[in-house]
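Here's a quick briefing to read alongside the model. Keep the sequence and the 3D view open while you go through the points.

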Amino acid sequence: MMKVLALLFFVAFAFVQANNDYLEGSKVYTVRPMTKKDQLIVAGLDNIPGVDVWQHASIFGREARILVPKDSLTTFESVLRSSSVQYEVIMEDPKSVIEEEIKQQELARMKRVPGRISFTSYNRHAEINSYLDDLARQYPTRVKVETLGRTVNGRDIKVIKISSDGGNNPNKPIIVSDAGIHAREWIAPANALYMIRKLVEDITESDVANNIDWFIIPLINPDGYEYSHTNTRLWRKTRSTASSTTCPGVDGNRNFDFKWMQSGSSSSPCSDIFAGPTPFSEIETRVLRDLINANKARVKAYLAIHSYGSYFLYPYGYDGSNPSNVAELRSLGVQVGNAIDALAASGSTKYLVGNSAVALNYAAAGASDDWAMGVGGVSLSYTLELPGGGSAGFDLPPSRINQVVRETWGGILVLARYVINKAA
Ligand SMILES: [Zn+2]
């Protein structure tokens, strides 16, 4: 058995290795914009071919973290050198670091207890969908699982609808949440799965399980997610090829039809922030649009789950303007952040709460939270950026999954109870 596992591991690893070759000769930088002028220069770095912003700098003094491919190193450094922006190389060989992390992730998977959804390793798309289907069979009165759409690679995007009373009570608030629109952010689907567990299998807060109907899409971009497991670890986008077969994929969180392409987006298919040929070009974004539109009167909160950076962000991200209920968004956001911090492991990054464009000094249009509020009419709309881990930030070690999903649940309870009280 061990021999077979070892062989499988070797084959899988060799395959993955080959597909991360584009990282050969790349470097990772931290960049610290100190002035408004610096911020403009840093925001423009996105336009250099192949540059991948892992984390934006923030007004709270956090630095940006940026991967630069070999062919763009000269351009990148010369832009920064001709300005006053402070920068530093923090990783000379990202390829080997990421390959080592892939090995660790594979080891954790091999050690997982078979047959259950895991919180000690990251679950694959087929495992997630069969878990949802199992829950629907096991808890037929509480759970309905629906297929919202099929991806270009033929994968089903499923929603789990959790309700204590059949789901048709017109006065009951709905919370909609999705995870994994950015493929590489593996902790996001894990977090959605833990929410599902706490609302179906392991109910310890019955008020939250019973007084809200929950619509959760734990993995909204399965094609991208699977690709980040089997091929390119840092894959972010969908896998559609309508715009380009050489540069597939669209950034789902730039593809929503609200101020589309107005900021922080690219019209180049090869860019990691390609907004798509048209708004809602992707099945991954249309399914969410249709789910919210079909339940508009009842959806009271929307939560987009991402990583990383420990942020709790509210609209509008396209230009940093504030919605009319900004005071409510902010005060609830701070309570959510504090609740998570209170449960967090010591030494972990504190949550920061703010308007996403302002907090990150970076406006980006076409995101799901902006659309949910601006068009979907959902008054409590947030993006949750879970904590980072590993060298790239997206490789939160499997040993930390449990802690992160538990502490985050503490914050989601605050959001849910606010929704319940408001509806009462
Ligand atoms: Zn993201």
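Lysine 422 is partly exposed, with a relative accessible area of 46%. In this briefing, buried means under 20% relative accessible area, exposed means over 50%, and partly exposed is in between (1.4 Å probe, protein chains only). Keep in mind that this is a predicted model, where local features need pLDDT of at least 70, side-chain atom pairs count only at pLDDT 80 or more, and totals for chains, interfaces and linings use all residues. Residues are numbered from 1 along each chain as its sequence is written, and side-chain values use heavy atoms, with hydrogens and water left out.

**Charged pairs**

- Side chains of opposite charge can pair when their charged atoms come close.
- The structure holds 28 salt bridges, a salt bridge being a side-chain nitrogen of Lys or Arg within 4 Å of a carboxyl oxygen of Asp or Glu.
- One of them links lysine 422 to glutamate 328, with the closest N and O atoms 2.8 Å apart.
- Lysine 422 sits in helix H13 (residues 401-423) and glutamate 328 in helix H10, so this pair ties together parts that are 94 residues apart in sequence. Helices (H or I, at least four residues) and strands (E, at least two) are DSSP runs, numbered from the N terminus.
- Glutamate 328 counts as buried, at 18% relative accessibility.
- Salt bridges with shared partners also join Asp21, Glu24, Lys95 and Glu99 into one network.
- Glutamate 201 and arginine 197 make a salt bridge too, their closest N and O atoms being 3.6 Å apart. Here glutamate 201 is partly exposed at 29% relative accessible area, while arginine 197 is buried at 16%.
- Aspartate 156 meets arginine 150 in a salt bridge (2.9 Å, N to O), and arginine 150 is exposed, with a relative accessible area of 55%.

- Look for aspartate 370 in helix H12 (residues 368-374).
- A polar atom of the aspartate 370 side chain lies 3.0 Å from the backbone nitrogen of tyrosine 318.
- Leaving aside neighbours within four places in sequence, aspartate 370 is in contact (heavy atoms within 4.5 Å) with residues including Phe258, Pro315, Tyr316 and Tyr318.

**Strands side by side**

- Strand S10 (residues 311-314) pairs with strand S11 (residues 352-355) in the parallel sense over 4 bridges. Two strands pair if DSSP finds at least two bridges between them.
- In that pairing, tyrosine 311 stands opposite leucine 352 of S11.
- S10 and S12 run antiparallel, joined by 3 bridges; tyrosine 311 has glutamate 385 as its bridge partner in S12.
- Strand S9 (residues 299-307) pairs with S12 in the parallel sense over 7 bridges, and serine 307 has leucine 386 as its bridge partner there.

**Strand S12, tucked inside**

- Why is S12 (residues 380-386) largely enclosed by the rest of the structure? It is because 7 of the 7 residues of S12 are buried.
- Both faces of S12 are covered: Leu380, Tyr382, Leu384 and Leu386 are buried on one side, and Ser381, Thr383 and Glu385 on the other.

How values were computed. A polar contact is a pair of N or O atoms within 3.5 Å; within protein, one must be able to donate a hydrogen and the other to accept it, and residues adjacent in sequence count only if both atoms are side-chain atoms.
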